[in-house]
Amino acid sequence: MRPLRNPVIQGILAWTLAQWMRFCFATIRWTREGEAEVEAIWAHGGGVIPIFWHSRLALAPASWPLDRATPSKALISLSPDGQFIARAMGRIGFPAVRGSSANKDKAQAAKGGSQALRDGLRQLKVGGLAVTPDGPRGPANMMGEGVPLMAKLSGAPVVFLGLSCRPAIRLGSWDRALVPLPFGRGAIVYETATYPEDAEPADVARDWAARLTAVEARADAITGLERA
């Protein structure tokens with residue numbers, strides 16, 4: 001049995017990861033750019049879609065302060081690994097909306113993805129929904145039409161999150177995931193957008209992917225982290 005399929009081990013690891021993230025976030029020296037844009041969205045209330053590449057998942061909660069940001073949930077896959085991430089994120093204030101388009105069984109995948117879209121649109125009527133457009137299995141830094149479609153149907157603004165820290169551990173996973181280390185330098189770069197009128201989702205996805213990569217590259221430039 002894989003460790004993450006054992007509920008007891010999964011719970012212990014999720015608690016440990018949540019505590020580690022809190023410790024790192026508290027000791028990292030953060031630089032923030034573009035915060036005024038997202039502060040205006042938070043003050044307005046309503047739905048919002050924060051997005052970031054999957055490799056920066058462990059940094060994402062630092063960008064969304066619970067004391068003033070729009071209350072948000074995270075779209076997380078139905079896999080056992082996703083369950084582990086959902087438990088860890090839930091411990092630091094981000095409940096999950098479960099769903100994934102990546103599954104060996106295409107019928108089950110479609111059902112899960114459709115349910116996630118419905119649940120996501122329901123969440124966007126009252127708050128935020130954080131999404132990794134290249135998750136849960138990649139290809140890395142590639143965006144499909146899901147986020148643009150959700151933005152179009154909901155009318156919610158999108159917040160691009162460029163996230164970086166140094167020093168950090170870079171895992172050998174498909175996304176080269178970044179794990180923060182304490183007492184370093186961190187950067188959060190915010191940029192906002194709304195769905196362009198009469199645009200095609202595929203065109204929006206290409207544009208938004210480029211913009212998301214750009215804000216991440218800017219965050220890496222601030223911290224001095226070498227791009228993967």
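Two strands count as paired if DSSP finds at least two bridges between them; helices (H or I, at least four residues) and strands (E, at least two) are DSSP runs, numbered from the N terminus. With that in hand, welcome to a quick tour of this predicted model, in which local features need pLDDT of at least 70, side-chain atom pairs count only at pLDDT 80 or more, and totals for chains, interfaces and linings use all residues. Residues are numbered from 1 along each chain as its sequence is written, and side-chain values use heavy atoms, with hydrogens and water left out.

**Strand S7 and its partners**

- Strand S6 (residues 158–170) pairs with S7 in the antiparallel sense, over twelve bridges.
- Isoleucine 169 has valine 179 of S7 standing opposite.
- S7 (residues 178–193) also pairs with strand S1 (residues 29–33), here in the parallel sense and over five bridges.
- Glutamate 33 finds its bridge partner in S7 at valine 189.

**The three-stranded sheet**

- Three strands form an open sheet in the order S4-S3-S5, and their pairing is parallel.
- Strand S4 (96–98) and strand S5 (128–130) are the edges, each with a single partner strand, so one side of each has no neighbour in the sheet.
- Neighbouring strands of this sheet are turned against each other by 35 degrees on average, direction ignored (axes are lines fitted to C-alpha atoms, for helices over the stretch in contact, and angles run from 0 to 180 degrees between N-to-C directions).
- Strand S3 (residues 72–76) runs parallel to S5 and is joined to it by three bridges.
- Alanine 74 has alanine 130 as its bridge partner in S5.

**Cysteines**

- The structure holds zero disulfides (a disulfide being a pair of cysteine sulfur atoms within 2.5 Å).
- Cysteine 24 is in no disulfide, and the nearest cysteine sulfur, that of cysteine 165, is 7.6 Å away.
- Cysteine 24 is buried, at a relative accessible area of 0% (buried means under 20% relative accessible area, exposed over 50%, partly exposed in between, with a 1.4 Å probe and protein chains only).
- Cysteine 165 is likewise buried, with a relative accessible area of 0%.

**A nonpolar surface patch**

- Trp20, Phe23 and Phe183 make up a nonpolar patch on the surface, with about 320 Å² of accessible area together.
- Patches are made of residues with over 30% relative accessible area and no salt bridge, joining like charges within 9 Å and nonpolar side chains (Val, Leu, Ile, Met, Phe, Trp, Tyr) within 5 Å.
- A salt bridge is a side-chain nitrogen of Lys or Arg within 4 Å of a carboxyl oxygen of Asp or Glu.
- Accessible areas come from the Shrake-Rupley method with a 1.4 Å probe; for residues, only the protein chains shown count as cover.
- Phenylalanine 183 lies in strand S7 and counts as exposed, at 56% relative accessibility.
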